[in-house]
Amino acid sequence: METPSPSRLGLPNLWIRSLGIGLPLTIALLIGSQPSVYTQLQATTQAWFNPLAEPYRYPFNASLPRNRSAIPQLRQEIAFYQERIQKDAQRGLDYAALALTYLRMARTTGQGHWYLLAEQTAQQSLTHLPFDNADAQLVLARVAEAKHDFPGALRLAEQLPEREAIALAVTSHLAMGQLDEADQAATQLVDATLSANAFTLQALVQVAQGKPQEALQSFHYALEVEEPGELSNSARLRTTLGRFYYEQGRLELATDLYQEALRLLPGYQPALVNLAQVKLRQGQYNAADRLYQQAIAMSDTMPTLYQPTVLRGQAQIQKQRGNPAIANRLWQEAELLLRETVPTTPSTAQPSFGHQRELARLLLERGNPGDRTEAVALMQQEITLRRDAPTLATYAGALAATERWQEAQG
Amino acid sequence: MPPTPAHWQPQSAGKRLKGDSRGDRLGTRNPAILYQAAVIEQALDRPTEAQKYFQQVKAIDPTFDVHAQQSAYLGVGLEF
């Protein structure tokens, strides 16, 4: 039998073919591996297929970094300040910077334990540096707000630089249902900063006041002044605007805005949760479930502030699918998480990271008659801290569930 | 300082857009809350008041239905 020679095996041809395919592929890989080229290409592709028109479409595609998660950067900052404190434990400013980074981590991840770390570290900072320590004061004020201690947050805000104090006044007054004060603070903040964040806060106040035209105008101003590189703000702005449209039944526009927020910050939990809400409302239970799974995957090992909402959403899906046992298990899981944060003495309203309102909603959604009295009691506590429209509506819902119609109407 | 938005004027100087003129007691335009108000008015046998709220719900969100009500409090964003 004749042994085929190398040439008859077609090796030179193979080389030529390999070069013909491999060389362009190598060049493409080399070009593609350059971060700026890759990002540019990705941004261009996404811009082509983006259903959103300006101004809702994010305009700074070229500046989008490849890795858009803020968490690695925050972890580095935490490690940096921890190391400095280890070398010199007397440095109040380092404690304040660390506390501020913990606070940013809390907001980015939605994980409550970062708030506790931020609070403890800010207190340590003030021990070492009791005066002219605005960062530590700011952290304490924001943690007080997160605990729903709004009067306490406002008291602490008095010691803050003006802009931080006004921004905090907007959100705290809004939560307490003091809309005139919130409006005044939002107007001051806008006039002082002309920032996207200020216009977004003003839009929230106007939504609460029942002024949708003004709110939409403020959202548009916010989009007009947004700046590249502030991805968290841009994602938050689009999520908030998406929610605004959701409440008008404009579900496609809301969907596109949530997806744009997710393009800016993949895994951004408020956008995932809100997008799942749209799918749930549309009866697309598989899609909603996938989004909830993504939100859970983002929470790492520690539960986030969104986890109970995710579990309640999943329970709702199972209820609609006719699986009451699974729905009840999910509600129970959410209930356990929420009860960990609610004060143990129900007769007094104590500031805590507790979510009495969400627990009350869960108890009402689950539909067990035995839960309704507790829902009323929880909301009676909550309205001593918060008096915004959704809180009062939940209280009214609890009263209605116990057939206390006259009180519910009041 | 970011650029000033076109057509924007300092509001402390007095220029404000005209808000919605609404006759209802509730300040909110959240359809889920207004729907709940309608249900409460119905239970109190006040059909005219209930109808007023139902109409407001439809005017704000014509697609509002039972699914919207069930999922109303499963989102985040416009509240604290």
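Predicted model: local features only at pLDDT ≥ 70, side-chain atom pairs only at ≥ 80, totals over all residues.
Start with helix 6 of chain A, residues 134-146. How far apart are its end C-alpha atoms? They are 18 Å apart. At 1.5 Å a residue, 13 residues should span 18 Å, so the two values agree.

Next, its surroundings. Of the 13 residues in helix 6 of chain A, 11 are buried, so the helix is largely enclosed by the rest of the structure. The buried set includes A:L138, A:V139 and A:L140. A:R142 and A:E145 are buried too.

What do those buried residues pack against? Four helices of chain A: helix 4 (92-109), helix 5 (113-128), helix 7 (150-157) and helix 8 (162-175). After helix 6 of chain A comes A:H148, with a positive phi near 65°.

Now the pair. Two packed helices are described by the angle between their axes and the distance between the axes. For helix 19 (residues 372-382) and helix 20 (residues 389-401) of chain A, the angle is about 150° and the axes are 9 Å apart. An angle over 145 degrees counts as roughly antiparallel, so helix 19 of chain A is roughly antiparallel to helix 20 of chain A. The crossing is left-handed.

Which residues meet there? From helix 19 of chain A, they include A:V376, A:M379 and A:E382. From helix 20 of chain A, they include A:Y395, A:A398 and A:L399. By class, this contact of helix 19 with helix 20 of chain A has seven nonpolar, three polar and two charged residues.

Definitions and conventions. Residues numbered from 1 in each chain as written. Chains lettered and ligands numbered in written order. Heavy atoms only, no water. Helix = DSSP H or I, 4+ residues; strand = E, 2+ residues; numbered from the N terminus. Expected span 1.5 Å × (residues − 1). Buried < 20%, exposed > 50% of the residue type's maximum accessible area, 1.4 Å probe, protein only. Contact = heavy atoms within 4.5 Å. Axes fitted to C-alpha atoms, helices over the stretch in contact; angles between N-to-C directions. Parallel < 35°, antiparallel > 145°, perpendicular 65-115°, else oblique. Left-handed = near helix turned anticlockwise from the far one by under 90°. Nonpolar A, V, L, I, M, F, W, Y, C, P; charged D, E, K, R; others polar.
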